[in-house]
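Hello,

Here is the structure I promised to pass on. Please have it open while you read the notes under it.

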Amino acid sequence: FAGDPACDLAAAWSLLPDDTADLFHAAYQPAPEAATLRRARGWAVLRALSGLLIGEAGVHGRPGGKATWGPPAHAALQRLIATAQR
């Protein structure tokens, strides 16, 4: 949703290296509330799962598939899982 900071915050899990999402979220202004971070996590999971499906389609030569999307999506899910267990 346009204007929702959760969309911006979700990018931390998708684009930044391991163990840096918390630093990004801490530096984000205004400081995000817990509910905003939960929405951000949801957006990041949705994007990562979509990336996995698109990557899998690419591996199997299906229309619209892009094999290169799978590994970054998998890495984003790993980061999300790692931060959820803290």
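Predicted model: local features only at pLDDT ≥ 70, side-chain atom pairs only at ≥ 80, totals over all residues.

Overall fold. The chain has four helices and zero strands. From the N terminus, the order is α-α-α-α. Along the principal axes, the C-alpha atoms fill a box of roughly 45 × 25 × 15 Å. The chain has 86 residues, and 28% of them count as buried. Its accessible surface is about 5500 Å². Carbon and sulfur atoms account for 65% of that surface. Take the contacts between residues at least 6 apart in sequence: 54% of them join residues at least 24 apart.

Core. The largest nonpolar core holds 13 residues. Trp13, Ala40, Ala44 and Leu80 have the most contacts inside it. Two or more core residues come from each of α1 (5-15), α3 (34-59) and α4 (70-84). The largest share, five residues, is from α1. Look at Leu80 in particular. Leaving out residues up to four places away in sequence, Leu80 touches Trp13, Arg41, Ala44 and Val45.

Helices α1, α3 and α4 each give two or more residues to its lining. Here α3 provides the largest share, five residues. By class, the lining has seven nonpolar, four polar and one charged residues. Among the lining residues are Ser14 and Leu15, then Arg47, Ala48 and Ser50, and also Trp69, Pro72 and Ala76.

Best wishes

Notes: Residues numbered from 1 in each chain as written. Heavy atoms only, no water. Core = buried A, V, L, I, M, F, W, Y, C linked by side-chain atoms within 4.5 Å. Buried < 20%, exposed > 50% of the residue type's maximum accessible area, 1.4 Å probe, protein only. Contact = heavy atoms within 4.5 Å. 1 Å grid on protein atoms, 1.4 Å probe; cavity = no way out; pocket = protein on both sides within 12 Å on 5 of 7 lines; lining within 4 Å. Nonpolar A, V, L, I, M, F, W, Y, C, P; charged D, E, K, R; others polar. Areas by Shrake-Rupley, 256 points an atom, 1.4 Å probe, with all protein chains shown as cover.
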